[in-house]
Structures are given as C-alpha cells and as structure tokens.
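These are my notebook entries on a structure that I looked up piece by piece. I wrote down each term with its cut-offs where I first needed it.

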Amino acid sequence: MQLWKQLLLGTYRQADMPRRWWNNRAAAAAGMAPLSVLFYHRVADHQPTPWTISTTMFGRQMRWLKNRYDMLSLDEAQRRLRSRVNRRPAVCITFDDGYADNCDQAIPLLLRERIPCTYFVCNHHVETGELFPHDAAAGYDFAPNTIQQLRNMAAAGIEIGAHTRNHVDVAAIDDERVLHDEIVTAGEDLEREIGSPVRYFACPFGMPKNLSNRAFDMAREAGYRGVCSAYGAYNFPLDDPFHLRRIHGDPQMARLKNWATIDPRKIVERSGFEYSAAATAGLSSSETLFDDGTAGQASSGTPAVAALWEEG
Ligand SMILES: [Zn+2]
C-alpha cells in the first residue's frame, strides 16, 4: 500500500478507536463479547514475506493482546461459545502450516507468557522436510517443523492440530477415500507420531470456497472437537462452536487493532460459510443475525447486539 494511504488509514482508525472500545464494552455488557481466533504462519526476522511477521512485531502484538483480552485455548473458547454468553472479549492464537522458524522465538515467547496456542501442521511436510509448494515456487527455502519439534511443543503444552496431509483444498476433493485420508487418517498418523491427541482441524486456505459440509461432517464424525476456517470473521456466543472462524494475525499493528476492536463492516459485509449440521442440531448462528444487517427481523438471538455495530 502507498505511504499516504497507510497514513490516512492509520488516522481514520485512530479517530475511530474510542467508538470501537465503546462497542466492545457494550457487547461485553450484553454478554456478546466476540471471541477472535487469530492465525499466523511464520515468525522470523529474515526473508520477510506476506505470511511472515517479525519477532519484534509478534511480541508487541502478543503483549498488546494479553493486556486487553482473555487469551484462551480453543477448548476454553468453545466452552464459552457453548454457554452462549461471553462477557469478556477473548482472543485465541493459532498457527498454520508449521515452519521451523517459529520454534526460535515465537513458541518460546508464547510459553513464557503462558499464552495458549494451537499449531496446525501438514503431515507430509513435517515427515519429509519437503518445502511447501507456495514457498518453493517463490524461491524460499523455509524448512517445515520436524516431528521432534512438534513432540517437544506438545510436551510443553502447545496443542498440535491437523491441517491435511498435503496442504490441499478439501472442498476441491471429490474422492471420499482421498478426503478421508487428508482429514481423518492424517490426524490419526499425526497423533501417533507426536504421541499427543490431535483434536482440532484447520482447512487449508480457509476461505468459504475452500470449505464444505462434507469435510466438516467427516471431521466431526472422526471425533475432532472443532474445525477452523480462515476467511476473517469473529465468533459470537450464538455461533456454532464446532466451526471456529479465524482472522489473519496481520503483520501491521493498526490492522490487528482494527480487527480486535470489532470492525462493524467486517460483520455486516462478510459472506461466510454456514455448516449446515449446526442448523440441524438446533444451534442458531449470529451470522444470520448480521448478514442482512436488519436486526429487527432476526428470528432469534439478541437484536440489540446487532444495533451496537451499526455504522454511524
Ligand atoms: Zn495452510
């Protein structure tokens, strides 16, 4: 982005901040504080990429978040979602793919600060050390984590999750056996390799077009506790706790603050993914409340909450 645009945007966000904090407090008072699940990829100081954040910035973000939010495990976030009331804004930290660089600074920092973390990896890459295709294509030689690193992390309290065997788009797989291998067998193999339970699954790419009811069903039937998407959405107490919506842990502090203080446009404008099993299980979702922006017509939930985030 051009510098003048960045400056302009920064000024706007700063000016907008008091209203954001008011929104946050009002939502919390109504028991509707959001649970934001952030995802990161790589924390390192060499070879910056759009999916890398520097160790200094990562440390700054973690401290900023820790001073303002409850830092939760996915387990605890789900427990709050199931209770259908959340009075304290909360954040969960997750990582995708599994880069060895993260073990230098990021993971030790999280352990030191006692910030819970779920770390999603792809079997093939952690087993063979083969580079991710998107890294290789761009000329980077970022090593994946080793199995031993994952064992150490799990032993230290980091939750290791599954992210398919080959970093594939699960919505694009028609063959049931292939899908089962990528979602279910991959998780079982990982569990055996690291010697710890693998309880969560994150869909690679994670945009609505990369998610499918079939994949979610398969993960649920296999006993995963939850599936993560990554298209940039909050979790509210009326959302289905099985589907954990995530937000990119942006390298820019201003953008992270923007997300973390509830951007009303992010709620009203987004078109997300609805896992239909949630509907059949009788769980309502706050997304239906917000998508049309007409809180008065919402069939359930707390209409007052939607009004909190109206622009103006
Ligand atoms: Zn990924």
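How many of the residues of β1 are buried? I found that β1 is mostly covered, with 6 of its 6 residues buried. For me a residue is buried if 20 or more other C-beta atoms lie within 10 Å of its own, exposed if 12 or fewer, and partly exposed in between, with C-beta atoms placed from the backbone. Strands and helices are DSSP runs numbered from the N terminus, a helix being H or I over at least four residues and a strand being E over at least two.

Before going on, I noted that this is a predicted model, in which local features need pLDDT of at least 70 and side-chain atom pairs count only at pLDDT 80 or more, while totals for chains, interfaces and linings use all residues. Residues are numbered from 1 along each chain as its sequence is written.

Entry: the whole chain. I counted 14 helices and 11 strands in the chain, and of its 312 residues, 42% count as buried. Among contacts between residues at least 6 apart in sequence, 71% join residues at least 24 apart, where a contact means that the C-beta atoms of two residues, placed from the backbone, lie within 7 Å.

Entry: β1 and its neighbours. Strand β1 (residues 35-40) runs parallel to β5, and 6 bridges join them; two strands pair if DSSP finds at least two bridges between them. Within this pairing, Leu35 has Ala90 of β5 as its bridge partner, and Tyr40 stands opposite Phe95 in β5. I also found 3 bridges joining β1 to strand β11 (residues 246-248), again in parallel, with Ile247 of β11 as the bridge partner of Leu38.

Entry: β5. Strand β5 (residues 90-95) has 6 of its 6 residues buried, so it is largely enclosed by the rest of the structure. On one side I listed Ala90, Cys92 and Thr94, and on the other Val91, Ile93 and Phe95. Strand β4 (residues 70-72) also runs parallel to β5, joined to it by 3 bridges, and here Met71 stands opposite Val91.

Entry: a helix pair. I looked up helix α2 (residues 55-68) and helix α10 (residues 253-260), whose axes come within 11 Å and cross at roughly 25°. That angle makes α2 roughly parallel to α10, a label given to angles under 35 degrees. The contact is made by Met57, Arg60, Gln61 and Leu65 of α2 together with Met253, Leu256 and Ala260 of α10. In α10, I noted that Leu256, Asn258 and Ala260 are buried, and that just after α10, Ile262 takes a positive phi of about 65°.

Entry: His163. Where does His163 lie? I found His163 in the loop between β7 (159-162) and α8 (176-194). His163 is buried, with 30 other C-beta atoms within 10 Å. Not counting residues up to four places away in sequence, His163 touches Asp96, Asp97, Phe120, Val121, Cys122, Ala202 and Pro204. Finally, I noted that the C-alpha atoms of His163 and Val227, which are 64 residues apart along the chain, are separated by 9.8 Å.

Conventions. Axes are lines fitted to C-alpha atoms, for helices over the stretch in contact, and angles run from 0 to 180 degrees between N-to-C directions. Angles under 35 degrees count as roughly parallel, over 145 as roughly antiparallel, 65 to 115 as roughly perpendicular and the rest as oblique.
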